[in-house]
Amino acid sequence: MTPRHSTSPPLASSTVPRIALLSEAVASQVAAGEVVERPASVVKELVENSIDAGARKIEVMIRRGGISSIRVTDDGSGMDRDDALLCLERHATSKIRTGHDLAAIHTLGFRGEALPSIASVSRFRLATREPGAVAGTEVVVNAGKIESVKDCGDAPGTQIEARSLFYNLPARRKFLRTENTEASHVEHQIHLQAIGHPEIGFVLVNDERVIHQLPPVAQLRDRIRDLCGPALTAELLEVPEIGSDNIRIRGFLGKAGVSRSSRAQQLIFLNGRAVENSTLSFALREGYHTALMKGQHPVTFLFIEMDPAAVDVNVHPAKREVRFRNSAEIREAVVEATRRALESDRGSWTRVFHAAPGAFPGAESSVFPSGNRPLGAKNASELESGQRSPEQGSLQISQNEFQRSQELEKARQELVQRPETDDQARQGSVQTDQPGSQPAQGAFHTLQSNFHPLVPSQMSLEPAPFLPPTASGAPAGSPGFRILGVLGRLYVLMENASGLVLVDQHAAHERILYEEMLKRMEQQGVPTQRLLLPLTLEVSPRDADWLNRHLDILTRAGIGLEPFGAGTFKIDALPTFLRAGEPTQLIRDIIDDLRETSAQTSKLRLGEEMIVKNVCRHAVKANDVLREPELERLIQDLLACDLPYCCPHGRPTMIQLSYGELEKKFGRKV
Ligand code: ADP
Ligand code: MG
């Protein structure tokens, strides 16, 4: 081959050949660079081998975060002496035979690279014994060179130890983080494998400390509870099993509003293998949609089973990533599974909220001494005699303090009626933001400051359960709530059968408007107002291309946009509910915000996102004072929403403080 660079010395002038085959040891180190990044990758490969070997129990012991030593012991099939030596060769595997097998991988491993790679960058010891064999085999390898092979008397199964990781590669060793960081990566690996295989018992010991001791269990839910604790388990919804011929999905998902700032708890298993895949992440995001706060990630334990031939796992040396043959199909299945799981939560509210408020579980029993009931709990006789009907309520704020807020009604009317003239349309567009004033410093002040930090991330606070709406949108029968008052001009205090409910009236209104707009948009498009003077918008060629491709969805969302020569567009209509002072800037913002999303999500989503982004401007401001009937209606409307428990941005709309929690707080119950 001729040298490509003219600056290279001419071949003939050198007596040393320019190309040489790498020695086996160096080749393994090169391969190890891809497979063995850190102690956690060693743990991953070894545990996967144990799982492939049919182990029922896997014990992982690390020292100093795995940097000093990693030992994985299993009770799997073990190996005879020939295999124990062969498994240390590169590309030696028992899991595939031909190229054809690559097309449908049924095991976690298949590349035949892990053991030689690990052995080439550590002080390595393998002891293995087949069940029933008279003796086992022990092989000791240092930096890829076999030092000794002899009989050993270990229990059936395999034990592999890798000490002093990267001791012969100081440059790699420098990349390792602190012991604690490396240990937490190892722990995450065990987490993944343990969730992926509840039927296997796992033990993790770090520096003599038992981190996990997980017995084998039959149910995934039990494994999640053992590993993540009952609090998180209570926040999960089971995915209703859905399945086409090609794809089956099961597992658990966090309820609406349950989220994390990293993807660490977003676990997805594909045919038993923990995978990372952007199609799947986006599908989850799309399924959660408004039930997830921006920048947050869902908590999932999702298991996808599909024909191994429909997915390529041979994309990444560490087999983390996968590629789908038909990514649209898998995306839709995940979106659907997520939606159904979230919707299933509605059913559970129904049961809790059929009871009348005040008829809390402890009412008849002696949980509360009479005359010493918790906030809002009326005594039984008062309730029975109907002295206080839900309609009368017990609003604590004097009527004089109310100023009627027109905003809610106006926004609603804009949706219902298409304004005939521009004048009317402009009237419909709503007044300016008021800077949020301090909440009233009333009797509730201290209460409020106590409650405030609980919103929105406290895991123990569940979305409040309510009655489901009837077809007409109103809750069936008597309302399952009673309004007690308004705290800080923002939080509506209510009583329901389970205890105290706090509703963020601003968030609630956002949710209501959002769903109304969405329905309207689906049915008849968004009401638009024509601009008297069309505006021109100049954009870069890339943005112009983007706009051209999405003209239809923008039109559906009420934005009238027309190509007007190269890189120029004419804006001649806008949705009436938009209060955009600067429409061209608005369009630019929409382009910026949504360009990323468009590649991965459906077109309808695009329109929804836009509505969500703008709906806030019309929602009741935190300090708007609502009269009782308005509050009542707000709550009714909220309960009639498809996803009442969070606003379109994924923040909670209501928080339930159950009697149980109140009892705990007041020290009545431990
Ligand atoms: P792969 O897992 O891709 O086949 P590895 O290098 O991880 O490649 O392992 C090579 C072979 O060694 C495996 O195919 C398997 O036959 C054998 N092996 C590795 N670990 C174990 C184990 N814990 N128990 C039994 N056999 C094992
Ligand atoms: Mg392997």
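Me: Hi! At roughly what angle do the axes of helix 16 and helix 21 cross?
Reply: The axes of helix 16 (residues 505–524) and helix 21 (residues 628–639) cross at roughly 50° and come within 9 Å. This is a predicted model, where local features need pLDDT of at least 70 and side-chain atom pairs count only at pLDDT 80 or more, while totals for chains, interfaces and linings use all residues. Residues are numbered from 1 along each chain as its sequence is written, and side-chain values use heavy atoms, with hydrogens and water left out.

Me: So are helix 16 and helix 21 roughly parallel or oblique?
Reply: Helix 16 and helix 21 are oblique to each other; angles under 35 degrees count as roughly parallel, over 145 as roughly antiparallel, 65 to 115 as roughly perpendicular and the rest as oblique.

Me: Left-handed or right-handed crossing for helix 16 and helix 21?
Reply: The crossing of helix 16 and helix 21 is left-handed, meaning the near helix is turned anticlockwise from the far one by less than a right angle.

Me: And which residues of helix 16 and helix 21 make the contact?
Reply: Helix 16 brings Q505, A508, H509, R511 and I512, and helix 21 brings L631, L634, D637 and L638 (contact means heavy atoms within 4.5 Å).

Me: Changing topic: how many residues surround ligand 1?
Reply: Ligand 1 has 21 residues around it, with N49, T93, S94, K95 and G112 the closest (a heavy atom within 4 Å).

Me: Nice. How far is the polar side-chain atom of S94 from an oxygen atom of ligand 1?
Reply: That distance is 2.5 Å for S94. A polar backbone atom of G112 is 2.8 Å from an oxygen atom of ligand 1, and a side-chain N or O atom of D74 is 2.9 Å from a nitrogen atom of ligand 1.

Key: Chains lettered and ligands numbered in written order. Polar contact = N/O pair within 3.5 Å; in protein donor to acceptor, adjacent residues only side chain to side chain. Axes fitted to C-alpha atoms, helices over the stretch in contact; angles between N-to-C directions. Helix = DSSP H or I, 4+ residues; strand = E, 2+ residues; numbered from the N terminus.
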